[in-house]
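Trainee: I would like to learn how to read aromatic pairs in a protein model. Could you take me through them step by step?

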Amino acid sequence: MKEKDKKTISIVCLIAGFIITLFVVQLIYTLTLRQWLDHKTAKAFLNIGWIYFCMYVYYRLSKRYTSWWNSPKRKDNE
């Protein structure tokens with residue numbers, strides 16, 4: 001497989017993983033956390049905080065378990 005094809009597939013998989021993560025996070029939020037609050041403003045702030053937290057976790061996991069983060073560093077060293 002060509003290097004360009006691998007990069008394209010990797011980018012598509014990361015974007016698809018990001019979108020799937022957003023759907024799962026919103027499902028968890030809707031089914032659990034949203035039920036606890038009655039005030040609309042509190043729901044909005046909780047939603048924003050929840051999404052930022054989960055996207056940070058997604059970032060850390062993708063950085064830990066994928067090697068494409070190190071690819072630019074390797075090219076600079078060569």
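Mentor: Let us begin with Trp50 and Phe53, which are separated by about one helical turn because they sit three residues apart in helix H2. Helices here are DSSP runs of H or I with at least four residues, strands are runs of E with at least two, and both are numbered from the N terminus. This is a predicted model, in which local features need pLDDT of at least 70 and side-chain atom pairs count only at pLDDT 80 or more, while totals for chains, interfaces and linings use all residues. Residues are numbered from 1 along each chain as its sequence is written, and side-chain values use heavy atoms, with hydrogens and water left out.

Trainee: How many aromatic pairs does the structure hold, and how is a pair of rings described?

Mentor: A pair of aromatic rings is described by the distance of the centres and the angle of the planes. Rings of Phe, Tyr and Trp (its six-membered ring) pair if their centres lie within 6.5 Å, and planes under 30 degrees apart count as stacked, over 60 as edge-to-face and the rest as tilted. The structure holds three such pairs. One of them joins Trp50 and Phe53, a tilted pair with 6.2 Å centre to centre and 35° between the planes. Tyr56 and Tyr59 form another tilted pair, at 6.4 Å centre to centre and 40° between the planes, and both residues lie in helix H2, three residues apart, about one turn of the helix.

Trainee: Is Phe53 buried, partly exposed or exposed?

Mentor: Buried means under 20% relative accessible area, exposed over 50%, and partly exposed in between, with a 1.4 Å probe and protein chains only. Phe53 counts as partly exposed because its relative accessibility is 48%. Tyr56 is partly exposed at 48%, and Tyr59 is partly exposed at 32%. Tyr65, which lies in helix H2 (residues 40–65), counts as exposed at 59%.

Trainee: What share of the residues of the protein counts as buried?

Mentor: Of the 78 residues, 10% count as buried.

Trainee: Where is confidence lowest, and where is it highest?

Mentor: Confidence is given by pLDDT, the predictor's score for each residue from 0 to 100. The lowest mean, 58, belongs to helix H3 (residues 71–77), and the highest, 82, to H2. For the protein, the mean pLDDT is 77, and 81% of its residues reach 70 or more.

Trainee: What pattern does the protein follow along the sequence?

Mentor: Read along the sequence, the pattern is α-α-α, with three helices and zero strands.
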